[in-house]
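The sequence and structure are shown first.

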Amino acid sequence: LVTRPIAPPWDEASKNFALNLAKNIADQDIYLLTNGLIDDFPVHIHQKPIYTSNEFSYIQKLRLIKHLRKMRNDFDILHYIFTPTKQNAFLIKNLLSCKMNKCARTIQSIATLREDLYPDKDLRGLIFGDLVVTYSDYAKNKLNLLGFNNVKRVYPGIDLEYFKPGPKNEKLAINLKLNTADFIVTYPGEYTRLGATDDIIEMLVQYSDLFKQNSIKLIFACRLKNNADIKKKGGIIQKLKEHNCLDQVIFIDTFSDMAALYNLSDIIIFPVRDMKGKFDIPLVLIEAMASEKPVIISDLPIFQEFATADNSVKIKSGDMGQLKDAIINLCQNKLLAEKIGKNSRKFVQDHFDIKKIAEIYREIYAKV
């Protein structure tokens, strides 16, 4: 599996998916590209410790290309699991050609096409796999329209034995200075991308008293990826201080036990304005749904594949009045929240179970 560094902490969707996929295909030898050797992997998983950092930087990408040139003829299949760019597609197509009669077959799993960056003429140049696997029907249909017929849609999978409903962890609540009786709302998004941060903060400032009356606390579970994120977080804290509502917000920058965080939460919100740079199917939402948590989500067209009226609550993108109403409604209507949560879990069981997804990939490996 050709990926970013597979290494803890397990808080990033693409490497988590690669690891879980490898764990669930036990009848084949799977090689993972790691940063150092990791203990407790199943015996059928072999490690290639080619990286020197967990950050998938330019230097680490050069290391990947260097080692792939050496290893490219050693495998039957090279399964690329990362978003294609002009640079990596060019390098793979031009520097990693195989020797005659020893050429590995190639599979591309594409989480998103990044249409915000690439016009159609450029998208065509990003495809190099003998088989292309998309995470959504939206992306599959787009590639079909561009003339690619070697495309199959396979949803990404998650571990339903790890992401499952459970009680609130009192120790975690105490560590975060929360009370398990609080109604906890978590936003597992980003600070500077997606366009949701300012909307959420404006909503909280405007309806702070209402949220206090209902013991509603908000968790920002957003990783700090760069200096822009650090600056954005600082600005948020300053604004909350100015409006005397900083005590209603908890900030979590890195947290590896996401299952515990979902179960501590009562609902998950994802009121984003766009999905630039994110998976077509954001796994944080699938994981939350598997944990039987109601998800409040904006009405972006890409979400229609997995968000229905039965398993989620949709609001108009950018309408924080609707978001406030949806939060209060779920806070005050526990039976509705429970019903939506159970429908969510059932939907994920049917479509995103890693065991079922692994079976699909096993068939793909056998045929490609």
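## Nonpolar cores

A nonpolar core is a set of buried Ala, Val, Leu, Ile, Met, Phe, Trp, Tyr and Cys residues joined through side-chain atoms within 4.5 Å. Buried means under 20% relative accessible area, exposed over 50%, and partly exposed in between, with a 1.4 Å probe and protein chains only. The model is predicted: local features need pLDDT of at least 70 and side-chain atom pairs count only at pLDDT 80 or more, whereas totals for chains, interfaces and linings use all residues. Residues are numbered from 1 along each chain as its sequence is written, and side-chain values use heavy atoms, with hydrogens and water left out.

The largest nonpolar core has 103 residues, and those with the most contacts inside it are Tyr 187, Ile 269, Ile 296, Phe 303, Phe 306, Ile 327 and Tyr 361. Helix α12 gives the most to this core, with seven residues. Another core lies apart from it and has 31 residues, among them Tyr 51, Leu 64, Leu 113 and Ile 127.

## Overall architecture

The protein has 14 helices and 12 strands; helices (H or I, at least four residues) and strands (E, at least two) are DSSP runs numbered from the N terminus. Its radius of gyration is 21 Å, close to the 21 Å that the globule rule gives for 368 residues, so the protein is as compact as a globular protein of that length. The radius is taken over C-alpha atoms, and the rule is 2.2 Å times the number of residues to the power 0.38. The C-alpha trace spans about 70 × 45 × 40 Å along its principal axes.

Of the 368 residues, 53% count as buried. Contact means heavy atoms within 4.5 Å; among contacts between residues at least 6 apart in sequence, 70% join residues at least 24 apart.

## Leu 323 and Ile 296

Leu 323 is placed in helix α12 (residues 320–332) and is buried, with a relative accessible area of 0%. Leaving aside neighbours within four places in sequence, Leu 323 is in contact with Met 203, Ile 269, Pro 271, Ile 296 and Ile 315. Leu 323 and Ile 200 are 123 residues apart in sequence, yet their C-alpha atoms are 8.6 Å apart in space.

Ile 296 touches, among residues beyond four places away in sequence, a set including Ile 267, Ile 269, Phe 270, Val 313, Leu 323, Ala 326, Ile 327 and Leu 330.

## Helix α11

Helix α11 (residues 283–290) is mostly covered, with seven of its eight residues buried. These are Leu 283, Leu 285, Ile 286, Glu 287, Ala 288, Met 289 and Ala 290. The cover over the buried residues of α11 includes α1, α10 (258–264), β10 (267–270), β11 (295–298) and α13 (334–351). After α11 comes Glu 292, whose phi is positive, near 65°.

## Backbone features

The peptide bond from Pro 8 to Pro 9 is cis, with omega near 5°, and Pro 9 lies in the segment before α1 (13–23).

Asp 40 is found in the loop between β1 (30–33) and β2 (45–48) and counts as exposed at 77% relative accessibility. Arg 114, in the loop between β4 (105–110) and α4 (120–124), counts as buried at 17% relative accessibility.
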